[in-house]
Amino acid sequence: MLKRIGVLTSGGDAPGMNAAIRAVVRTAIYHGAEACGIRRGYQGLIEGDVRPLPVESVSGIINRGGTILLTARSQEFMTEDGQRKASDTLARHGIEGLVVIGGDGSYRGAKVLSEKWSVPTIGVPGSIDNDIAGTDCTIGFSTAVNTALDAIDKIRDTAHSHERIFVVEVMGRARGAIALEVGLAGGAEAILIPELPYSIEKVNQKIIAGGQRGKKSCIIVVAEGAARGEQVAAEIEKGTGYQTRVTVLGHVQRGGSPASLDRVLASQLGSAAVNLLMQGQSGKMVGVSGHHVTVNDLEYAWTAPFDTDRRFLDLAEILSI
Ligand code: F6P
């Protein structure tokens, strides 16, 4: 059994990361171990920014957005020297196993620590993007979708009242999971995502056809990685003649109190990660399939073929005529 477990959050913050930290700390204590928090992700590991996380340190955080451990995207950790410093920090603090909460970039760092520096490491998927293979859902996705949906519902009121087209740009550089989910849930007339080709010409034809039937307002959801909202809005206004406005939701999608789904997911996965460390495992990521916890090698997150659900796109198209 390990005696001291470290936890860090890395990459973009996501609602539910605190619930995951709490689960790691409380499960470690349950197993008779101590927990330590590393601040600012891998950068804090390099700089030795480690502090104990006693049982009360994670009280009252399950409902808080962001991450109490702070987060960063560390360039220095990419270097051999940075990795050596990070592994020295772990040894100095007697940390025998590490839980990394973050996206696939953070998992790549976890793999290096596990394989090259022999640090038992487990990854927990924390990202609003839902872009990690090996789990149905990442921690933070559900809350981000609800935040974006709330905004879209409000924008629809104005779109309807002014008989305008609104282009709403949501987050998602490489994957359009937020756009797909929120587009379907918000009744968007078109959804543009980076994974699949789209035609603004077709979007314009749909808007014009709707207009001829008396439908004078539309919501077009664009994932940031597919196109810039401004550019799409300009092309729509030019092609249809309808007044078009754009709203970029941006970082508002990353903050806020986590939805129940994210708190439950974070509790399950944070705890499962510690259990794996206690069983002597390393180089793994935890996820969920249905309500069951799944375990895969870390690299599964970026090597497995990612399944973009085209059915959501088709369904949104059928339902929004
Ligand atoms: O990975 C989460 C995410 O919010 C992406 O959707 C977005 O492209 C990116 O982070 C933005 O990163 P930053 O906050 O560093 O600008």
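Leaving aside neighbours within four places in sequence, Asp13 is in contact (heavy atoms within 4.5 Å) with Gly66, Thr67, Thr71, Ile128 and Arg254. The model is a predicted one, in which local features need pLDDT of at least 70 and side-chain atom pairs count only at pLDDT 80 or more, whereas totals for chains, interfaces and linings use all residues. Residues are numbered from 1 along each chain as its sequence is written, and side-chain values use heavy atoms, with hydrogens and water left out.

Asp13 is placed in the loop between β1 (4–9) and α1 (17–30); helices (H or I, at least four residues) and strands (E, at least two) are DSSP runs, numbered from the N terminus. Asp13 counts as buried because its relative accessibility is 19%, where buried means under 20% relative accessible area, exposed over 50%, and partly exposed in between (1.4 Å probe, protein chains only). Between the side chains of Asp13 and Arg254 there is a polar contact of 2.8 Å. A polar contact is a pair of N or O atoms within 3.5 Å; within protein, one must be able to donate a hydrogen and the other to accept it, and residues adjacent in sequence count only if both atoms are side-chain atoms.

Arg254 is also one of the residues that surround the ligand, together with Arg73, Ile128, Asp129, Met171, Gly172, Arg173, Glu224 and His251; a residue is near a molecule if one of its heavy atoms lies within 4 Å of it. Ile128, likewise in this set, is among the contacts of Asp13. An N or O atom in the side chain of Glu224 is 2.5 Å from an oxygen atom of the ligand. For the side chain of Asp129, the corresponding distance from an N or O atom to an oxygen atom of the ligand is 2.7 Å, and a polar side-chain atom of Arg173 lies 3.5 Å from a ligand oxygen. Of the 400 Å² of accessible area that the ligand has on its own, the protein covers 76%; accessible areas come from the Shrake-Rupley method with a 1.4 Å probe, and for residues only the protein chains shown count as cover.

The ligand takes up the space of the largest pocket. On a 1 Å grid over the protein atoms alone, a pocket is an open set of points with protein on both sides within 12 Å along at least five of seven lines. A molecule sits in a pocket if more than half of its atoms lie within 2 Å of its grid points.

Backbone geometry was examined next. Most residues other than glycine have a negative phi. Leu70, which is not a glycine, has a positive phi of about 60 degrees. Leu70 is found in the loop between β3 (50–52) and α3 (80–92) and, at 30% relative accessibility, counts as partly exposed. Ser118 also has a positive phi, near 55 degrees, and is placed in the loop between α4 (104–116) and β5 (121–125). Ser118 counts as exposed, because its relative accessibility is 59%.

The loop between β3 and α3 also holds Ser57, which is partly exposed at 26% relative accessibility. A polar atom of the Ser57 side chain lies 2.6 Å from the backbone oxygen of Pro54. Ser57 and Ile68 are eleven residues apart along the chain, and their C-alpha atoms are separated by 9.8 Å.

Thr121 is found in strand β5 and is buried, with a relative accessible area of 0%. Its side chain reaches the backbone oxygen of Val119 at 2.7 Å. Beyond four places in sequence, the contacts of Thr121 include Leu98, Val100, Ala110, Leu113, Ser114 and Leu277, as well as Ser282, Gly283 and Lys284.

Lys215 is found in the loop between α7 (200–212) and β8 (218–223) and is partly exposed, with a relative accessible area of 23%. The side chain of Lys215 reaches the backbone oxygen of Ile321 at 3.4 Å. Not counting residues up to four places away in sequence, Lys215 touches Glu189, Gly210, Tyr242, Ser320 and Ile321. Lys215 and Arg164 are 51 residues apart in sequence and 10.0 Å apart in space, C-alpha to C-alpha.

Leu313 lies in helix α11 (residues 310–319) and is buried, with a relative accessible area of 15%. Leaving aside neighbours within four places in sequence, Leu313 is in contact with Leu180, Ile191 and Leu196.

Key. On a 1 Å grid over the protein atoms alone, a cavity is a set of points where a 1.4 Å probe fits but cannot get out, and a pocket is an open set with protein on both sides within 12 Å along at least five of seven lines; lining residues have an atom within 4 Å of a point.
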